[in-house]
Amino acid sequence: MMFLFQHMTHLRLSQITPLRLPVMALAIGMAPVCAMAEEPPAKIVELEQISIIADSSAQGEVLGAANEVDSFVLEEYEYQDFAQVAQRIPGVYSREEDGYGLRPNIGIRGATSERSQKITLMEDGLLIAPAPYAAPAAYYFPNMGRMSSVEVFKGPSAIKYGPHTVGGAVNLVSEPIQADFAKLNLSYGTDNTALARGVFSDIYQSESGEWGVLFEALRYQSDGFKTVDNANSAGFQRNDLNAKLSWLSPSTASYPQTFLLKLGYADEDSEETYLGITDEDFEQNPTRRYAASQQDAFETSHQQVHAFHDIQWSEQWSLSTALYWNAFARDWNKLDGFRAAEGLVAVEPADVFANPSVYSRQLSLLKGEIDSETTFDQLNIVGFDRDYYSYGVQAQINQRSEFSLAGASVQSVRQMGLRYHGDGVERDHTGTYYDMTDGDLVTTNESENFVHNEDKAQALAGFYFDQLAWQDWQLSYGLRFESINTERTDKIAEQTYQQTQQVWLPGIGLRYQVSEALALQAGVHRGFSPNAASSTKAEPETSINYELGGALSLGTWETQAIAFYSDYENLIGRCRVSDGSSCDTSQEYNAGRVAIVGLELESSAYAELGEYLLPVSVVYTWTQSEFQESFDSSFSQWGSVEKGDELPYLPEHTLRLDTGLESDVWAARIAMNYRSEMREIAGQDAMNASNSVRELTTFDFSADYQVTDQWLVSAKVENIFDRQEIVSRRPFGARPNKPRYFTVGTQYEF
């Protein structure tokens, strides 16, 4: 295993060929890695069909690299940050930003992790990003504390869950309705971090059918681990309220039906910023924040209405329908830079951190060490006010059939889906100028409107997916269609831009059960990530994605290895406000062909030590990337690219090791998380402090004790050895991961 790890560390992407992929996958898949956690007890049967894997795997409809982190695993460490959950899933990357996962940056199989804009993000099978077509950057992400499981789809199966199918899809599954169930979770930890969550759920029988209700409330808050110069600590508060009402038709009904209505409200008030610190200051105090970020605050509200209906026409036919509406409003008041004056171009914060000696005066102003003397010294604090909406209706017909081939039975599971979707965003960005005086920001009461535009999108998407099972073979094939119309209206320039995109996306997967212990699989599909609404005419992102691997099960040991290769025909980069004046907000750039190759490995086992259980699990991902063309770009993450350069913010290695000791009433666990160094801009030269972030290894510990059948107490320590590194210098300066963090908690089920 170590030999293979070291060998791949020095392997260039140009040395990888499709013929090498199966060899690599099988070599590591057969490696004698000891792992697999104890099999959890049977899941609670959910009234609503919102867990895609739970519903599909029982019918043999999941083929390809699909992963699930279920409620048992989520409860082990009670992570509230999706970045920590992502460490349990091979092929998924999450770049840290605030240390708490308020707005995670998720990427899958090399697709950029920037604000999760290149993945399909769902809650209970419905699109949940604020405007996934018109403005895909996901500034809203549901609280992990109310989720019962996380599902990830990669490979050919991902074509059912567009619009973004290059990397894959993430589905967050909310708390299911259960009979006679109530639960209270309380926890308290470092920096006055506290979480309170209460759930009540029950199912009632009547002549008209079975009725279910669920009420849930969550409060998550912290003082934060950073301290702002001449101000208080930078914390946050999050609230989440949800309700569900369900109905299941009587057992005597000719056509069994289920109905579910879900209502949700969430808000956030956090003192978050894009402003970091210099590397020199980071070495002295990584949790420091400069005085110029005193006014930075992020306020949001989110509402959702989701309705689901299932009807079973016969043993072979069923129809699932859903309606959804989401509204998200945010006002991010934060430092945007310095004021432009007297015909001079404003100094960009990114330039200050790139050349602190050249811009020493501006750096001193950011720190509050000197006072503003001229207009050019004034700081521009912008209110990035945005209102998002999304709505849609989707339907899926499911058919099961059986026929004979060569004297053997063939089972077919056929799915046909159609979705109409609309979304949009209105941006109204107004800057107010401040003087730095005695280390405090003092308003000049002068304001200016910088951006006022509106983006809209309408999309019609459909798919056909069929899976055939014949003896030891399974074949799945499908086709997705997307027709998208986008429109941008610049209300300041009084201009409107429109675009139309249409694409067909085929996929096919094959699985062969060699023996009871060994299965092999392969797949290929065309990936797609659409343009957002913008004034540019960049081509949409497309790719051809391959996967090949196998799964081995030997008693208490299970392992799976999947090699993947993504051939991007046209990579897209999207400019954000934080990129500065080098590009316009939402402007898109094409990078042409990019190749990404990787390997996903997950393996688990357990051993019985008398009355104790020793589980072990390993999750590993190896990834390499190369631009296939040279070009110049004003997009800050790329810059001047040479053929052979690697993509930024894509670690070559990620590794998680889990083990512990469990009994009937208590458990203790420890986990190691490793991420190799990452580039911050495209390149192929040796990584150094100016173009990359260093590798990071952290250890987490958790323990719990079952006091009674209903009462559980727990404790955990994250980042045991208090290892802090720069996790990103984007957008403005160095920012750290979360330091050592203690928490104690209790859970009581009524």
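## Cavity tour

The largest cavity holds about 610 Å³ of space, where volume is the space filled by probe spheres set on grid points joined across faces, edges and corners. A cavity here is a set of points on a 1 Å grid, over the protein atoms alone, where a 1.4 Å probe fits but cannot get out; lining residues have an atom within 4 Å of a point.

This is a predicted model, in which local features need pLDDT of at least 70 and side-chain atom pairs count only at pLDDT 80 or more, while totals for chains, interfaces and linings use all residues. Residues are numbered from 1 along each chain as its sequence is written, and side-chain values use heavy atoms, without hydrogens and water.

Select Ala83, Gln87, Ser94, Glu96 and Asn673: of the 35 residues lining the largest cavity, these lie nearest its centre. Next, colour the elements that give two or more residues to this lining: α5 (82–86), β2 (92–95), β28 (612–627), β31 (653–662), β32 (666–675) and β35 (696–706). Helices (H or I, at least four residues) and strands (E, at least two) are DSSP runs numbered from the N terminus. β2 supplies the largest share, 4 residues.

Move to the second largest cavity, with a volume of about 250 Å³. Its lining has 21 residues, and Thr112, Ser113, Gln637, Trp638 and Pro648 are the closest to its centre. Show β2 and β25 (572–574), the elements that give two or more residues here; β25 gives the most, with 3 residues.

Definitions and conventions
On a 1 Å grid over the protein atoms alone, a cavity is a set of points where a 1.4 Å probe fits but cannot get out, and a pocket is an open set with protein on both sides within 12 Å along at least five of seven lines; lining residues have an atom within 4 Å of a point.
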